[in-house]
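Work through the exercises below with the sequence and the model open. Each task is followed by a solution in steps.

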Amino acid sequence: MARSGLADAARVARWADAALGPGRGGATADGKATLSDATAEQAARALGLTPAQVRADWDTARLAGLVEVHRGTARPGWRLRAWDRDDSAVLRGWVALFDAWSLAHPEPDGHEPAAVAEVVSAMPQVLSFLQLSAGPVPVAQLLDLLEQRVTELRTERCEVPYGPRLEPGTPDAPQPQQAPAGADAPLAPLLDWALHALASVGALTCGDGQATLTPLGSWAVWVKLEQICVAAQSPVGNIEQSAEDMLRGCARLRPNAARAEYRAWLAARPVGSAVTELLAAARGEDALLRGLAFEALRVVGAPAEPDVRAVLDEPTLRPYALLWLAEHDGADPEDAHHVLTRQEATWLWVDTAAAVADHGEAPLLVRHLESAVQPTVPALLDEVRAVGHPRTVQVLVALAAAHPDPALAKAVRRAAFQVHTGGD
């Protein structure tokens with residue numbers, strides 16, 4: 001259903017990608033990625049559509065993330081790139097369109113913006129009722145529910161004056177406040193607009209005075225309810241923290257508990273900004289947070305792929321990104337390290353050792369020595385010195401202090417001194 005509903009939008013987005021890519025001239029005229037008249041007519045001729053149909057499909061493609069706008073320029077979104085091979089990309093695109101139903105079908109003229117905003121805010125409860133009903137619901141019943149919810153929203157905004165109460169008419173008594181604009185406006189026309197807007201994106205059907213969620217609409221509402229439940233079950237209460245603080249809070253958790261916390265944190269914010277925040281935390285100086293950030297990105301899954309791929313040129317993040325991409329493409333986590341060069345594997349070994357040295361115990365650092373790809377300690381020390389990790393000296397000093405073998409500890413200290421002084 002999602003593929004069918006977005007097929008026309010995907011077709012226009014693909015045409016734009018092929019015909020209007022870099023070096024082929026701009027598609028837009030206003031700096032907001034709105035199709036210019038010439039481009040709309042060109043697409044209409046190529047696709048056998050009218051310019052109005054092209055514009056409508058283009059707008060749908062933007063709302064669904066098939067086309068992304070960056071600084072006034074439109075470019076293909078990751079969902080379009082993954083369209084043929086990733087069903088989750090299609091479903092996420094449709095959910096993005098579902099979330100934007102009020103933009104996909106603008107409200108009729110003549111209604112106060114405040115009343116429109118109240119209806120948009122109240123519709124999730126209406127949709128939840130439709131989902132729980134699992135069948136047709138009379139529109140009159142939905143109108144009663146909408147009116148109740150709008151009344152609740154207005155009550156929640158009510159400001160109760162504090163201080164001594166004065167009788168009306170006295171000089172200092174507060175004057176009666178007028179009801180906000182649109183407070184007495186009938187909600188039936190706006191409910192009709194909302195239902196038809198949701199029908200236009202494929203979330204429900206309307207007819208004979210009843211509304212029914214489509215299977216796709218029912219699934220989407222269930223997903224939203226599940227996200228609310230997941231966010232409410234945050235095991236250590238970090239969902240409102242920044243990515244860095246959340247990751248620090250997960251550092252001492254067992255893997256399953258940490259993944260539950262990542263899911264709760266991710267459910268409480270847009271996936272795009274969450275991925276950006278996680279990668280920013282990974283760029284910091286704390287190697288432990290770097291590893292945890294990529295564990296959280298594993299929970300994100302496919303939507304993080306373009307951003308992870310974009311950091312391959314950053315030496316600090318490249319080994320982590322390569323492992324993430326290998327596992328995302330289906331490699332066994334036990335074998336994913338084969339995608340790393342010897343130098344990248346050595347850099348990652350030092351980075352992980354830095355995390356252990358900062359946050360772990362001495363025995364863990366000694367055991368970490370056994371995970372090196374080099375067959376001997378001298379070979380490891382030679383390659384560690386050559387890789388140029390900024391924490392090399394601290395890692396070697398910590399390893400020398402922790403290792404029980406005096407001869408090996410002496411060799412590691414010598415290597416640390418040589419790195420520190422730049423000698424051979």
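**Exercise 1: Burial and surface**

Buried residues, those under 20% relative accessible area with a 1.4 Å probe and protein chains only, make up 41% of the 424 residues in the chain. The model is predicted, so local features need pLDDT of at least 70 and side-chain atom pairs pLDDT 80 or more, while totals for chains, interfaces and linings use all residues. Residues are numbered from 1 along each chain as its sequence is written, and side-chain values use heavy atoms, without hydrogens and water.

**Exercise 2: A helix pair**

Task: find how helix 1 and helix 3 are oriented to each other.

Solution: Step one, the axes (lines fitted to C-alpha atoms over the stretch in contact, with angles from 0 to 180 degrees between N-to-C directions) of helix 1 (residues 2-19) and helix 3 (residues 51-63) come within 8 Å and cross at roughly 95°. Helices here are DSSP runs of H or I, at least four residues, numbered from the N terminus. Step two, angles of 65 to 115 degrees count as roughly perpendicular, and helix 1 and helix 3 are therefore roughly perpendicular to each other. Step three, the contact (heavy atoms within 4.5 Å) involves residues including L6 and V12 of helix 1 and V54 and W58 of helix 3.

Technical notes. Helix = DSSP H or I, 4+ residues; strand = E, 2+ residues; numbered from the N terminus. Parallel < 35°, antiparallel > 145°, perpendicular 65-115°, else oblique. Buried < 20%, exposed > 50% of the residue type's maximum accessible area, 1.4 Å probe, protein only.
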